[in-house]
Amino acid sequence: MTKKRKHQEDFQKVKLKVGKKKPRLENATDTTFKTKAIQIPEQLKEDGVLPTQNRKLNIKDLLSQMHHYSPGVKHNALLGLKDLLSQYPFVIDAHLSNIVSEVAAVFTDKDSGVRGAAVHLLQFLASKIRAEQIAPFFPLVSAHLSSAMTHISEGIQEDSLKVLDILLEAYPALLTDRSSILLKNFVELISHQQLSKRLKSREKLSWMLSVNPNRRVTSQQWRLNVLIRLKKFLQAVVDGSSEIEDEGLQEQKDSPRSVRNPICISWKVHANNQQCIQLFENGGLRPKINSSFRLRSLTGVMDSAEKGLSSAENLKGFIEIIIPLLIECWIEASPAQSAPILGNLLESDSQQLMQQVLSIIHLLWKLTKRHDETYKMDLWLRMNYLVDFKHHFMRHFPYSLQETAKHKKKDSCKGNKYCVTSSNSVDHLLLNLTLCDIMVSLASTSTLQMDSGWLDMIRRFVTDTLQDGSKLNSKQVNRLLGVTWRLMQIQQNKVATEPLIKAVYTLYQQRNLLFPVRTLLLKFFSRVYQKEDLRTQRIRSRSKVLSRWLAGLPQQLALLGLRNPELSNQLIDIIHSAASRSNKELLQSLQATAARIYDPLEGTLVLLPAEAQRRLVQLVYFLPCLPASLLAGLSRCCIMGRMSSELAATLIGILRMRSSFAGWKCQVQDNSVNDVDYFSFLFSTLIGFSREELTSLQGIRGKPHISQSQLSPVRLYLTDLDQFLHHWAVTEMICHSLSTIPSQSQCFDILQTGICKYLVGLVVIPDSTAGSVLCAINKLLDQACILSETLHKFLASCCYSLLYFLLTLDKEDAEHLQKRDMLWGSCISALALLPRLLRLMLQSLQVSRICREELPVVAQLLRLLMQHGQLRSHMITNEFLVQQIIKDIMTLKSGEVQEQWLTDLHYCFNIYLASHPQGPGPVNTVY
């Protein structure tokens, strides 16, 4: 037992106790390890270069899915593309080529959902991509579009029209460059080729309308959809052609090429050789070159197929194909086929189809006008299609719309569930007007007798529509006036044209017309007037209606005011044109309305913008008579500041040309401007303030509006800087007009009388008025002029008040500092021209009556007068007065410390006067 127990001790089993950690074995392997992350920035940036959408797909992934066989994958790829590109628009520029090619490729996809998603994506891209960006890739887009339009599947053809709508809206110019291919596609969408009866010779292929029962819409509705796009396409071709001239005078669109750029010439600058006037051929407009030569394309010489509708042969060929098809569409929709009982009443669908037919023909007619052989084209169109048009189009003219049957309430239509009523609304009017436009383009003066039947129908329709046209919109009035103008050109005698003009005038007299409608009517009447005025006096026969319209324009202008400045501008242009042609009725009406137009408070002149004001000022030249009341109003317009000083100067110059002092060698209008009224206008404008305003100023006292000195009875009213500068600019033109009057002495006497009557005795005078009076005196004064003592004293008081005001200005007062040079110059010039004026001003300097604060100002004034070269000799003459004033100042300052200003005064007196230097020196004081 003992040995066994010892043997077991060598391999004893370790007993594990609960809660104790198991001891580590001696041969156990350590399996612990440590790791560190490895970061490679360039690899992490790889996904950041190409942004992803919400499904974590970038642009390359989405474009690659466009080639997947599954329609669902392609549909999701298109949706993902739209989502990605809307979030990151910069991706479009980087991958434009791939995006355009892949999206265009699915125009012909078999799945409708994929095509619908492609259309939505294309519409989104069209708003983001400019025409110049997509231009290099547009041939590919156009090729896929043509493939879709000519595809055998009806669904693809229908979706191709949606693609066409987007491209026509966004890139019309790029699309119309490939018109030769697309026009054939339009024809194939609604028709198919058929051999003519000459089966053996096979000389000619004809086209006939096709019917496909597999379409989701009716054949008539399908043709309507195609014709709507064809009309849009042809409209884009017409709009893109800069050479087309519209007969209808109203349909011209405002484009930068049709706007005249007037040359603004400043005659003052030109007279000083500081401005060169450039003259341009064709008045700044783009000239129309009538030449059969065309510049060669950069890609090489184009054949006739590549020229599209710009080639006369291609245009003729397309007209020969499409016109028979359009006539067939018309026959299907015409009242004789749909509802013979209703006569010329049309259903809505038929009316839309017929409207598109006529619109396409009308656009084709426009395209024929741009060719050099327009006359031959007109003859060709008349010879080939006039008979068919008269038979089919004019058969039920005019057309009206049959309303769709609607469910009516019992109280409105008792006993009937449905009521079918005919409508006389304007919905059908555009159809009739387009037809009229087409038909009158086929007529001419030489064919008047042959076409008199259907022309009378059109004339009656146009007259009736105009007389009852209060609800017409601008587009309808546009067409209506175009037809009216063409009818007046075909038959130019007064018997035929007067009813048409009268009908247009009836529409013009309607109240509350839309502004575009009113504008069209004004342009029509203006052109009719200009056309009538171009006739020779021998055959000219004035239209009474046109004369009545012209006579009413000034009154309309006065009533319009500021409510519509653009319409006012048009009225002014027409009035100016008629006035320059000396139209008697208009000039009489303008004379009667002139007081309201040129009213200084509420007149048209002061309410309208500057350019319109300029034209109104020019109209003053054409007024038959300029009475005193009108001149008074014009004077107030000049001085109130509601028009610019340059325009006021222009008005003053016009009145001078109308006066008897203009120096005309030939006889002008008698008694157009009375001499007394003309001088009253000049004097009132020179003063710058009315009598009522001057009276109201007399009660103003104290600063900051009044500058007052104890040595002068005249106090100055300080005007605003803008008012002062405006008044000064007007004064210069008034002085120029006064200086051109032959008898200067008589003119000066009139001015002297006006000053003594209206200004002498006033206590408060505006600073601009005082300066203007001195300026006029300086301009008119000569040796023959004799000034009264009253005027001498008044001018002396004005001079001292102005000089005192200038010497007491604060340097911080920037507004009044700008007046200094002008007022100082006028005062010095007056003192230099009138020695008596200087002596009176020196005699008024009684320093014993002033306060001590004004003494430095008087001393500074004396010092500046002595230093001034122009006044040197006059100051020497008045040496005793100056010396006496200095003694009085010394007496008042005796017993006090001598200040610097008094020392300077003594020094200047000793230098300039005490030594009696001979002749005026070169010193010109700047203070």
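Student: Between which two elements is S210 found?
Tutor: This is a predicted model, in which local features need pLDDT of at least 70, side-chain atom pairs count only at pLDDT 80 or more, and totals for chains, interfaces and linings use all residues. Residues are numbered from 1 along each chain as its sequence is written, and side-chain values use heavy atoms, with hydrogens and water left out. Helices (H or I, at least four residues) and strands (E, at least two) are DSSP runs, numbered from the N terminus. S210 sits in the loop between β2 (205–209) and α14 (219–240).

Student: Which residues does S210 touch, not counting those up to four places away in sequence?
Tutor: Contact means heavy atoms within 4.5 Å. With residues up to four places away in sequence left out, S210 touches I190, S191, H192 and R223.

Student: What is the C-alpha separation of S210 and Q193?
Tutor: Along the chain, S210 and Q193 are 17 residues apart. Their C-alpha atoms are separated by 9.3 Å.

Student: Is K56 buried or exposed?
Tutor: K56 belongs to the loop between α3 (46–49) and α4 (59–65). Buried means under 20% relative accessible area, exposed over 50%, and partly exposed in between (1.4 Å probe, protein chains only). Because its relative accessibility is 65%, K56 counts as exposed.

Student: What is the omega of the peptide bond from F397 to P398?
Tutor: P398 lies in the loop between α20 (374–392) and β4 (400–402). The bond from F397 to P398 is cis, and its omega is near -5 degrees.
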